Amino acid sequence: MKVYMVGGAVRDRLLGLPVQDRDWVVVGATPQEMVAAGYTPVGRDFPVFLHPQTQEEYALARTERKTGRGYHGFTFHAAPDVTLEQDLLRRDLTINAMAEDEEGRLIDPYGGLQDLQARVLRHVSPAFAEDPVRILRLARFAARFTDFSVAGETLMLMRRMVEHGEVDALVPERVWQELARGLMETRPSRMFEVLRACGALARILPEVDRLWGVPQRADYHPEVDTGLHLMLVLDMAASLEAPLEVRFACLCHDLGKGTTPPDILPRHLGHEQRSVELLRGLCQRLRVPTECRELAEVVAREHGHVHRSGEFGPAAVVRLLERCDAFRRPQRFEQILLACECDARGRLGLERQPYAPRPRLLAAFRAAQGVCTALVAEEALARGLQGPRIAEAIHEARVRAVAAGLPDMPAP
């Protein structure tokens, strides 16, 4: 029995990056021998075991064979005669197909170290084409390792996979998993650039893919192209260390611009509501978590109003706060403002421009939040008001508080 550290742990150590998770391959052992040594079996499709002390995963060396379309169409063979080189051959990229033995010696049968030094993402073997998830994984690695390029032959292989319909067989949960992880990388735009270059974006996220080539008014958007704007917004969200919910909202905030009637371009009248409708379909298709969907809907619907809120009087500001559900969900309201800031600063040459609506609306919210709604409701009841009239009284009290709290707002 021989044990090797494999995959990302080896890659990251060679790159001088912190090693978060370590994966191990065991050569020359049977499942019975692993259990006898104290390992706990956890694998469903092939033999994977947890180390009795570290709880790290140890997998028996295996080969795999394609038996159907999509992610699940594989059969696996794990036996003591499977070699380390055979196990590494089935992996996705050469930089992930390296191993270290127990003495720390590097085993690199497929040129991973050379590609690591050259900053190239390259597939290990033609077997890459058998698993469409690998397209998503490679795109995600491009977003993480921002100075790596995709090998030309690998990009061609990915294009053929898309043309043959392999991407169409991806299950929604796996698409969302990889998409979410890619959005959280250092430069999310690179993930979408790679997916677009191989044609996969049009199959996975057609609502996003159609944004490229759609013009916007240059006085508002110096970058003009809506797709380019979206990439700038996503990278701004990453630079501001926004959480996943905000980054997903940024991804979906302008989807409606891809369906703007050509005769009104470069204006995009009504794109906010079209964005809401499109993102609802996207979320249903990919089974996006509720918290991501709900934030994205509010941002798509209200981001234009947030941008223009400096022109609003106190009553309009309070209505905006209420539509954003700020009083019940203040933390989410702050996420809405962060997404809008990413949108405003995700424009060519305007990345460092301060976003005035965010502090102004936060100040207005704090002023309105200071209203004791229970006391206002009690006073309204004493005056004989009922139901909707009580809500109106609370709204009016908030308007007065905002007007008093912000000197640049006229009295109601």
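Modeller: Happy to! This is a predicted model, so local features need pLDDT of at least 70 and side-chain atom pairs count only at pLDDT 80 or more, while totals for chains, interfaces and linings use all residues. Residues are numbered from 1 along each chain as its sequence is written, and side-chain values use heavy atoms, with hydrogens and water left out.

Biologist: Thanks! In β4, which residue is the bridge partner of T40?
Modeller: Strands are DSSP runs of E with at least two residues, and helices are runs of H or I with at least four, numbered from the N terminus. Two strands pair if DSSP finds at least two bridges between them. β3 and β4 (residues 48–50) run antiparallel and are joined by 2 bridges. The partner of T40 in β4 is L50.

Biologist: In what order do the 7 strands of the open sheet stand, and which strands are at the edges?
Modeller: The pairing in this open sheet is mixed, and the order is β3-β4-β5-β2-β1-β8-β9. Each edge strand has a single partner, so one side of it is left without a neighbour in the sheet; the two are β3 (40–41) and β9 (106–107).

Biologist: How many residues of β1 are buried?
Modeller: β1 pairs antiparallel with β2 (residues 23–27) over 5 bridges, where V6 stands opposite D23. With β8, β1 also pairs in the antiparallel sense, over 2 bridges, and M5 stands opposite E100. Taking buried as under 20% relative accessible area, exposed as over 50% and partly exposed as in between (1.4 Å probe, protein chains only), β1 is mostly covered: the buried count among its 5 residues is 4.

Biologist: Which residues touch the most other members of the largest nonpolar core?
Modeller: A nonpolar core is a set of buried Ala, Val, Leu, Ile, Met, Phe, Trp, Tyr and Cys residues joined through side-chain atoms within 4.5 Å. The largest one has 103 residues. Apart from it lies another core, of 13 residues, including Y4 and I107. In the largest core, the residues that touch the most other members are I135, F192, L205, F248 and F333.

Biologist: Lastly, which helix gives the most to the lining of the second largest pocket?
Modeller: A pocket is an open set of points on a 1 Å grid over the protein atoms alone, where a 1.4 Å probe fits, with protein on both sides within 12 Å along at least five of seven lines; lining residues have an atom within 4 Å of a point. Of the 31 lining residues, Y220, H221, G304, H307 and R308 are the closest to the centre. α13 (271–286), α14 (290–307) and α16 (330–345) each supply at least two residues. With 5 residues, the helix that gives the most is α14.
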